[in-house]
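Have the model open while you read.

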Amino acid sequence: MRLQRVSKVVSVAVVAALALGACGGGTENTNSAATSTSITANGTEPQNPLLPANTNEVGGGRIMDLLFEGLVSYDADGKTVNEIAESIETEDSQHYTITLKDGKTFSNGEPVTASSFVDAWNFGAAAKNAQLNSYFFESIEGYDEVSAEGATAETMSGLQVLDEKTFTVTLSQPESDWPLRLGYTAFYPLPAEAFEDPAAFGENPVGNGPYMLAGDNAWQHEVQIDLVTNPEYTGTRVPQNTGVTFKFYSSYDAAYADLQADNLDVLDQMPAAAQKTFTSDLGEGRYSEKPTAQNQTITIPQYLDEFSGEAGALRRQAISMAVNREEITDVIFSGARQPAKDFTAPVIEGFNSELAGSEVLAYNPERAKELWAEAEAISPWPEGKAFTIGYNADGDHKEWVDAVCNSLKNVLGVDAQGKAYSTFKELRSDATAKTLSGAIRTGWQADYPSLYNFLGPLYGTGAGSNDGDYTSQVFDDLLSQGLSAPTAEEGAAIFNQAQEVLLQDLPVVPLWYQVSQTGWSSNVTDVETGWNGVPVYYNIARK
């Protein structure tokens with residue numbers, strides 16, 4: 001699944017079918033057939049306006065992947081497929097020349113050029129724009145100068161436009177898997193109008209792929225967002241429907257009820273209450289189960305006094321060993337989750353289930369009590385304080401959060417309780433602002449198929465999705481070494497060394513790996529779940 005490492009010129013052009021993803025824009029589409037063959041799917045309200053470099057959560061991400069198209073995409077198995085890129089070439093894995101295909105446009109008719117990418121990447125990296133995905137550009141030469149606090153520079157020296165169809169990228173060090181990242185949201189191009197008023201553009205974005213917004217009021221906040229096919233699109237991911245409407249549900253139970261009643265076409269997760277019945281409820285041919293590149297964790301912010309220093313490290317280890325993952329995945333998820341052995345996912349190439357230190361992820365109540373007592377001897381737990389796990393009530397998390405809390409109460413004797421946020425957006429807002437008062441449930445749906453993607457964006461110092469504010473120079477150095485390794489196998493071995501550092505520090509408590517359970521109505525066909533757990537929406541057709 002990883003891009004091969006090479007020393008000679010390599011074109012990343014991969015001729016393949018069935019690419020996963022999509023794109024779009026924001027102009028009016030008056031096609032009367034749009035409502036008759038469009039599909040509906042569950043979703044969540046995006047945290048932020050829809051800008052590529054500022055969208056790093058699943059609610060906004062799946063919309064962006066239908067509204068925009070990058071240089072490459074990933075097919076249902078996670079293989080790289082060229083989209084806007086005609087070729088991505090390098091002789092040394094540090095200097096890349098990118099050539100674009102002819103005739104690609106945004107849905108407003110503006111051509112997609114080399115500047116569309118370079119300007120978007122510079123915007124995403126610049127400190128003054130405070131984009132959550134800025135970290136994804138750190139490999140490019142000049143990133144440090146534009147991303148530093150108070151920086152006035154706005155263009156990275158490693159990006160150069162040669163002509164309308166060609167630009168070059170110089171990295172700070174050789175990274176032969178760098179092209180693999182280019183299908184991720186952060187690397188999408190932007191039209192000129194995006195830079196005139198980014199906030200307004202994010203409410204009504206103009207993209208360059210299979211879908212676009214259905215009109216100026218297509219995004220009804222906290223309700224739904226309506227997408228229709230983009231008539232300007234000429235890429236590989238040809239929609240088999242005329243539109244996708246994402247409905248923002250307050251719970252998976254409500255979404256599941258609509259699915260059963262054929263009022264919802266696609267649901268990407270079965271609620272806990274239906275774990276034992278959904279196969280019979282829906283019947284053969286209306287559901288699928290598939291291991292995917294997703295995991296579930298609990299992030300415990302190290303900026304909280306009780307989880308800082310040596311005592312904090314001991315407490316995180318105690319909490320991890322006090323969670324009975326086997327029992328929870330069996331009882332609550334009926335085996336549809338796999339207890340975690342690391343910080344990534346088994347479907348990713350290079351996965352290792354036997355890392356040194358992974359015993360901290362095994363249920364061991366006696367050792368958990370000892371570790372908690374050691375922490376108490378250093379710094380007592382604040383009197384009267386509860387250990388809380390924040391979760392979004394519009395997702396299906398309450399039951400397992402309660403089970404984890406009960407496990408902690410029984411083993412450690414600590415007052416543990418869930419803290420419900422009404423929406424995922426509210427939860428992410430506190431996490432992003434670093435204003436959490438306790439732990440939160442977190443998880444990762446891979447942006448591209450790589451061990452690094454589960455590590456760098458989440459635990460690298462200053463990374464955009466580093467909710468717990470974790471920092472480790474040893475870990476950062478290993479990430480850098482893994483990226484510059486001469487082969488994919490050597491890189492994976494180093495990334496797994498980096499994971500062994502995480503197993504000592506536990507910036508998050510890994511819980512389990514996801515098994516995607518997708519259900520669909522009797523009105524649609526050709527529903528497939530991609531490598532990252534997201535349905536391949538453009539391929540779904542109405543009967």
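1. Strands here are DSSP runs of E with at least two residues, helices are runs of H or I with at least four residues, and both are numbered from the N terminus. Before going on, note that this is a predicted model, in which local features need pLDDT of at least 70 and side-chain atom pairs count only at pLDDT 80 or more, while totals for chains, interfaces and linings use all residues. Residues are numbered from 1 along each chain as its sequence is written, and side-chain values use heavy atoms, with hydrogens and water left out.

2. Strand 7 has partners to look at. With strand 6 (residues 85-90) it pairs in the antiparallel sense over five bridges, where pairing requires that DSSP finds at least two bridges between the strands. T90 sits opposite Y96 of strand 7. The two strands make a hairpin with four residues between them, and S93 in the turn has a positive phi of about 65 degrees. Strand 7 also pairs with strand 9, again antiparallel and over five bridges, and there I98 stands opposite F167.

3. Now helix 2 (residues 114-125). Its 12 residues reach 17 Å from first C-alpha to last, close to the 16 Å expected at 1.5 Å a residue; the expected span is 1.5 Å times one less than the number of residues. This helix is mostly covered, with 10 of its 12 residues buried. Buried means under 20% relative accessible area, exposed means over 50%, and partly exposed is in between (1.4 Å probe, protein chains only). Among the buried ones are F117, W121 and F123. What do the buried residues of helix 2 pack against? The list is strand 7, helix 3 (143-147), strand 8 (159-163), strand 9 (166-170) and helix 4 (198-203), with contact meaning heavy atoms within 4.5 Å.

4. Strand 4 (residues 72-75) is covered on both faces: V72 and Y74 are buried on one side, S73 and D75 on the other. It pairs with strand 5 (residues 80-82) in the antiparallel sense over three bridges, and V72 stands opposite N82. Their hairpin has four residues between the strands, and G78 takes a positive phi near 90 degrees.

5. Further along, helix 13 (residues 473-483) and helix 14 (residues 488-505) pack at about 170 degrees, with axes 8 Å apart. The axes are lines fitted to C-alpha atoms over the stretch in contact, and angles run from 0 to 180 degrees between N-to-C directions. That makes helix 13 roughly antiparallel to helix 14 (over 145 degrees counts as roughly antiparallel, under 35 as roughly parallel, 65 to 115 as roughly perpendicular and the rest as oblique). The contact includes F475 and L478 from helix 13, and I494 and F495 from helix 14.

6. Last, two loop residues worth a click. N352, in the loop between strand 16 (337-339) and helix 9 (365-378), is partly exposed at 29% relative accessible area. Leaving out residues up to four places away in sequence, N352 touches D342 and N496. S465, between helix 12 (456-459) and helix 13, is buried at 9%.
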